[in-house]
Amino acid sequence: MVEGTAPDWWAILSDREFLENPYPTLARLRQGGAVQRDAATGIFFVLGHAAFARIAKSTAMGRDTRNWIGGWNDPAYAAADPNGFRLFSEFQPQMINCDGADHRRMRKVYEPAFRSQAMAALAPAIQRRANELLAAMPDSGEIDFIEDFAAPLPLRVLCDLFDIPQSMDSQIAGWSASLIRIGDILIGPNEKLEALQALDDFKSFLRLRIAEPGAPGSLMHMAMAAHSDGTLDEEETLTNLVSMLVAGHETTVTLIGNGMLLLLRDPDAMARLAADRGLMRTAIEEFLRLEPGGNMILRVAREDFEVEGVTIPKGAPVIGLIGAINRDPARFDAPDTLDLGRAANAQMTFGGGPHVCIGAPLARLEAQIAFGAMFDRFAVIAPAGAPQWRLDRMNARGLAHLPIRLEARV
Ligand code: HEM
């Protein structure tokens, strides 16, 4: 890159125009190289698919942010931002923040809940939850697709999976909304305090739940068993549960909401999918690729790592910009086009390697059921106003509101 033209990454990534439509800017930034170092912060940004696929999969690149030289675990940071330090420390003991043996020990506890047999067993309950929400919709009229369907569905499914009473769902949604901001660089001092409070309250609630037996097969039951046999200590048990409830909620809302927006913008694609449900599996992959929701996937180098001629030194943070990676023309034909039948769709929205999203099978299943249920009930699904993006976060691109007009099948 020519001296003097280095991008001001944080100004660009938090700009309102970027938050509303990041893709033209990401395409321009990618021309500066697949891996670029931000001189101001020392962060390596990854915009190329091949580079990120190698980084995500390598065990030389971890997710333990305590290894970030100059990051939150640095004594200077703790002195400058004690609340931030407390928040990140209290959120640390969970699988996504650990590498190696600790990571494997924690992940193994929950893996059985997401295997294909478990998903097949869960499908009827997800369908039932979707039908309940559809039953509350008019045969003809307007709804807010986010508030009335995309947001409540994943929350109800998670409560079922965790064996948490439905009466807690708005409380969980509130805690989740405060905690999702932890991974966001736009988080301000007040939001850190809010997140700390939410974390304490959420853990207190779960502490009482894990003292009860829990329904066999539920995530709560698995957590409790792993706690009783000493596989997980109490903080690990609670933090992993909190994190899964947070990680599994807004991300799936976003997949369903953003997927619907893509279809509303392309009525031919909407009609094609409604008529041919055999396309559902590849359509969901394409939604994930084009509008990934989560924009940034983090790594911290555990040792020096060379990729595409760039050396990432041990202790350096790396951020994969998924909106750029998933539209890399070197990997995808017509990368900005919605292609419901796209073959070999190597989208990286769930990350990759040892930390690849454990809940991906659940998110995919929920989205398939959600769109299938909408098409079964409604012959017409059309825009009814401007979609409204959430603009208060850099790491998660999702809709606050999506007005749609519906006409039921006769
Ligand atoms: C569309 C929905 C979802 C998206 C886009 C998403 C995305 C991600 C991403 C990007 C990662 C990090 C991967 C990496 O670093 O390579 C991750 C990890 C994780 N996700 Fe998801 N996720 C989704 C749904 C879920 C659900 C439904 C759950 C659970 C109920 C869940 C639980 C987790 C957990 C526990 C991890 C940490 C895995 C580990 O470190 O081994 N996610 N997810």
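Predicted model: local features only at pLDDT ≥ 70, side-chain atom pairs only at ≥ 80, totals over all residues.

Student: How many residues surround the ligand, and which are the closest?

Tutor: The ligand is surrounded by 25 residues. The closest are Arg-63, His-103, Arg-107, His-355 and Cys-357.

Student: What does the side chain of His-355 do there, in terms of distance to the ligand?

Tutor: One of the polar side-chain atoms of His-355 is 2.6 Å from a ligand oxygen atom. Arg-107 also has a side-chain N or O atom 2.7 Å from an oxygen atom of the ligand. Gly-352 takes part through its backbone, where a polar atom is 3.0 Å from a ligand oxygen.

Student: Which elements give two or more residues to the shell?

Tutor: Those are α7 (100-110), α14 (234-264) and β5 (296-301). Of the elements, α14 gives the most, with six residues.

Student: And how does the shell divide into nonpolar, polar and charged?

Tutor: There are 13 nonpolar, nine polar and three charged residues around the ligand.

Student: Changing topic. At what angle do α16 and α18 pack?

Tutor: Helix α16, residues 280-290, packs against helix α18, residues 360-377, at about 115°, and the axes are 10 Å apart. That angle makes α16 roughly perpendicular to α18. The crossing of α16 past α18 is right-handed.

Student: Which residues make that contact?

Tutor: From α16 they are Met-280, Arg-281, Ile-284, Glu-285 and Phe-287. From α18 they are Arg-364, Ala-367, Gln-368, Phe-371, Gly-372 and Phe-375. By class, this contact of α16 with α18 has six nonpolar, two polar and three charged residues.

Student: What about α8 and α18, what angle and distance there?

Tutor: Helix α8, residues 116-135, packs against α18 at about 40°, with the two axes 9 Å apart.

Student: Which residues meet, and what classes are they?

Tutor: On the α8 side, they include Met-119, Leu-122, Ile-126 and Leu-134. On the α18 side, they include Pro-361, Leu-365, Ile-369 and Met-374. The contact of α8 with α18 has 13 nonpolar residues, two polar and two charged.

Terms used. Residues numbered from 1 in each chain as written. Heavy atoms only, no water. Axes fitted to C-alpha atoms, helices over the stretch in contact; angles between N-to-C directions. Helix = DSSP H or I, 4+ residues; strand = E, 2+ residues; numbered from the N terminus. Parallel < 35°, antiparallel > 145°, perpendicular 65-115°, else oblique. Left-handed = near helix turned anticlockwise from the far one by under 90°. Contact = heavy atoms within 4.5 Å. Nonpolar A, V, L, I, M, F, W, Y, C, P; charged D, E, K, R; others polar. Near = heavy atom within 4 Å. Polar contact = N/O pair within 3.5 Å; in protein donor to acceptor, adjacent residues only side chain to side chain.
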